[in-house]
Structures are given as C-alpha cells and as structure tokens.
Amino acid sequence: MELYEFAYLDESKVRMLVAGIDKGRVITSKTTKAAKSNKGGKGGINTPVLKLEGGAASADELMEEVSTEATAEGAFYRLRDFLSSGGETKLYSKSIDSVSIEDIKRGEIIELDGMIEVSPANELVSNLLHFLDAGSKLGFIDTSVAKDRQSMEAIKAVLDANRLSVVMSADEDKMKALAVLETSESLLRIPIMELNDEFIILGKVTRIIKKGETLDLTSFCMNPAFRKNKVLLKIITESLPKVKEALGGSADLSELILKGPVIVLSPIAIYR
C-alpha cells in the first residue's frame with residue numbers, strides 16, 4: 001500500500017463516501033488488551049472472570065476489547081482501495097498530460113497527477129480585499145476601485161476569502177483541471193504557496209468545459225450564492241484591472257480566463 005503526504009483532505013467528504021461504501025457503518029479498529037491483576041498479596045482471592053468474547057479467564061488475565069474510530073486518513077485509504085478495486089467504480093487515474101476529455105464523465109470520481117498552481121485570481125482578489133479593508137479602516141473610499149461605500153461593501157460580501165482555486169495543467173492546448181478548496185486549517189495541511197508543486201488530486205467531476213469554451217476564474221473566488229449574479233461579477237471584474245495597475249502591473253486580465261478543455265473538480269484530497 002502506498003503511503004501519502006496530504007496537502008489537503010476534506011474529512012467530511014471522505015467519511016460520507018466511505019459510509020456509502022460500508023452502508024452507514026462507522027469504521028472502527030478493534031484491539032484486545034490483556035491486563036495482569038495483582039493476585040500475589042496476602043488474603044488475595046483468585047476469582048474467575050468472563051472474557052468479553054465468552055469463556056472463562058483467571059483473575060490474573062482480564063481481557064479488554066477497545067474500539068476506536070478510524071482516522072480520516074484511514075478512511076481515505078479505505079475509499080481509494082475501494083475505488084481502485086475494479087468494476088463500475090474503477091478509479092480513473094492518469095497524468096494530466098494524457099487525459100482525454102472524451103473519457104471523463106460528470107459525477108465520477110477521478111485521480112489526476114500533475115503540476116498545480118494557485119489561481120492568479122486568488123492573488124488579485126486578496127489584493128482587492130486589502131484595498132477595500134484599508135479604505136474602510138481609514139474612513140475613505142478609494143474611488144479608483146469602488147464608486148461608493150455601497151459598492152465597496154457589495155464587493156466584500158460577494159468575495160469569499162476562504163475559497164482557493166488551484167489549476168493543474170499540461171501545456172496550453174491540452175487538458176486543465178480546476179479544483180476549488182476551502183482553506184480552513186482543518187482541511188488545508190500545508191501553507192498555500194507550497195501548493196505550487198506536483199501533486200495528485202482526487203475529486204468528483206462537477207463540470208466539463210469543452211474546447212472552444214472558457215471559464216472565468218474570478219467567479220470561483222465568489223460566494224457560491226452570488227456566483228451567477230452578472231451585475232456583481234461585472235462590478236468585481238471592473239475593479240480588478242485597477243488593482244493590478246495600482247500595484248504596477250498591466251490591466252490585462254487574460255490570465256484569469258481558462259480556455260477549454262477544463263475539468264472542474266470538487267476536491268476530496270490533494271496528496272503526493
């Protein structure tokens with residue numbers, strides 16, 4: 001069995017999927033402990049006791065069975081073993097360089113291996129939120145970014161600082177995979193910038209972007225409840241070029257648009 005170093009592990013997803021495999025039973029490991037009693041003292045009484053599994057035992061050997069719930073990592077290995085075992089649930093596992101979009105179906109769980117990078121949209125959004133927070137604390141509106149306090153608060157409400165998108169890609173014309181992570185400490189096991197490396201992603205396919213179609217990375221930094229609101233998305237996309245210019249960069253946002261084919265994944269784990 002291969003042992004993995006986890007960069008990201010969504011414990012609730014892992015346990016939910018394993019519960020489906022095991023029909024709702026809690027995964028436990030059982031150990032049996034043997035404890036010696038002190039029967040050597042004066043006046044000691046050697047009383048027979050029952051073992052937990054049945055049968056007689058002497059007082060000098062008391063059997064105790066302890067059940068402990070499996071760790072999230074243990075549940076992950078159980079899940080991956082099941083997916084890799086064959087049949088209809090056989091795990092689709094390939095390097096991103098050799099993936100064909102025709103082989104991928106929405107709703108299936110796949111495993112992809114390749115180089116991932118934190119989405120450039122996340123850095124821009126982080127800078128935008130910094131601008132807006134600074135404006136709020138100092139009591140002024142940066143009119144180059146937001147027209148008024150109402151638009152400032154709208155942008156801050158829509159953008160979700162706890163959502164991080166990472167992109168795994170081959171070369172420019174081949175397949176890409178996008179995974180959106182929740183960045184709470186319990187899920188993300190390493191510093192964000194260390195995600196810019198080669199990893200394996202296990203995730204469920206939620207969307208497939210075909211060749212000729214595009215995907216706006218900015219929308220994945222938004223609270224899902226607002227993601228389809230075109231007015232708010234327009235306000236944000238108009239603000240981002242100004243933030244880039246204020247930081248000494250160009251106003252070009254082409255890096256925020258992913259060209260298909262792209263697989264969008266709901267990540268279960270990132271590991272190596």
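Glu 213 lies in the loop that connects β10 (197-209) with β11 (214-216), where strands are DSSP runs (E) of at least two residues and helices are DSSP runs (H or I) of at least four residues, numbered from the N terminus. The model is a predicted one, in which local features need pLDDT of at least 70 and side-chain atom pairs count only at pLDDT 80 or more, while totals for chains, interfaces and linings use all residues. Residues are numbered from 1 along each chain as its sequence is written, and side-chain values use heavy atoms, with hydrogens and water left out.

Glu 213 is partly exposed, with a relative accessible area of 38%, a class that falls between buried (under 20%) and exposed (over 50%), using a 1.4 Å probe and protein chains only. Leaving aside neighbours within four places in sequence, Glu 213 is in contact with Ile 208, Leu 258, Lys 259 and Gly 260, contact meaning heavy atoms within 4.5 Å.

Elsewhere, a pair of helices can be described. Helix α1 (residues 11-21) packs with helix α2 (residues 72-83) at an angle of about 50°, and their axes are 9 Å apart; axes are lines fitted to C-alpha atoms over the stretch in contact, and angles run from 0 to 180 degrees between N-to-C directions. That angle makes α1 oblique to α2, because angles under 35 degrees count as roughly parallel, over 145 as roughly antiparallel, 65 to 115 as roughly perpendicular and the rest as oblique.
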